[in-house]
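Please look over the sequence and the model below.

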Amino acid sequence: MGLRSSLHDRGQRLTPQRQRVLSLFERIGEGTHLSAEDVHQSLLRAKERVSLATVYRTLRLLSSMGLLQELELPEGGRRFELTGDTHRDHHHLVCIRCGRTEEFENGAVLAAGEAAATLQGFRMLECVLNVRALCPSCAAEST
């Protein structure tokens, strides 16, 4: 489903700001995690005039529609990534100091999620694990 029809079905318009934010994520591709501030700075560097408040509203809207996936970081920050079928069941290593986020896939984690869901009578829809850690740079600084 395209953005225009997805927005229209929900009574939303495809504003230039919404198109710019989604286009940014489409350009960088799946697997890249950006904060609202990252999105805002990228748009400003591209000479796009959009306020940080508009970026926040747009990210929340696109996430609620399933076009972006929101990752809540352990220390209260949020990152967003393009939703895609190829990365549906992926996991994240998140540095608790700098927020660096790396994806990984692991069949054993998926199997454990499926087994736990089945044991409790649930039907698993997705399985996402967030591992809090220190990236190599931050770990080196703390020694």
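**Contacts, core and strands**

Among contacts in the protein with a separation of 6 or more, 48% are between residues 24 or more positions apart. The model is predicted. It holds six helices and five strands, and along the sequence these follow the pattern α-α-α-α-β-β-β-β-α-β-α. The protein has 143 residues, of which 35% count as buried.

In soluble globular proteins, nonpolar side chains tend to be buried together. The largest nonpolar core here has 18 residues, and those touching the most other members are Val-21, Phe-25, Val-39, Val-55, Leu-59 and Leu-68. Two or more residues of this core come from each of α2 (16-28), α3 (36-45), α4 (52-64) and β2 (78-82). Beyond its neighbours within four places in sequence, Phe-25 is in contact with Leu-34, Val-39, Leu-59, Leu-68, Phe-80, Glu-81 and Leu-82.

Helix α3 can be taken by itself. Its residues Ala-36, Val-39, His-40, Ser-42 and Leu-43 are buried. Seen down the axis of α3, the buried residues fall within an arc of 165 degrees, so they line one face of the helix. An α-helix has 3.6 residues a turn, so residues three or four places apart point the same way. The cover over the buried residues of α3 includes α2 and α4. After α3 comes Lys-47, with a positive phi near 65 degrees.

The strands remain. Strand β1 (residues 68-72) pairs with β2 in the antiparallel sense, over five bridges. β2 is mostly covered, with four of its five residues buried.

Which strands make up the open sheet with mixed pairing? There are three, in the order β4-β3-β5. β4 (101-104) and β5 (130-133) stand at the edges with a single partner strand each, so one side of each is left without a neighbour in the sheet. From one strand to the next, the twist averages 25 degrees. Strand β3 (residues 91-95) and β4 run antiparallel and are joined by four bridges. Within that pairing, Leu-93 has Glu-102 of β4 as its bridge partner.

Technical notes:
Residues are numbered from 1 along each chain as its sequence is written. This is a predicted model: local features need pLDDT of at least 70, side-chain atom pairs count only at pLDDT 80 or more; totals for chains, interfaces and linings use all residues. Side-chain values use heavy atoms; hydrogens and water are left out. Two strands pair if DSSP finds at least two bridges between them. Axes are lines fitted to C-alpha atoms, for helices over the stretch in contact, and angles run from 0 to 180 degrees between N-to-C directions. A nonpolar core is a set of buried Ala, Val, Leu, Ile, Met, Phe, Trp, Tyr and Cys residues joined through side-chain atoms within 4.5 Å. Buried means under 20% relative accessible area, exposed over 50%, partly exposed in between (1.4 Å probe, protein chains only). Contact means heavy atoms within 4.5 Å. The arc is that of the directions from the helix axis to the C-beta atoms.
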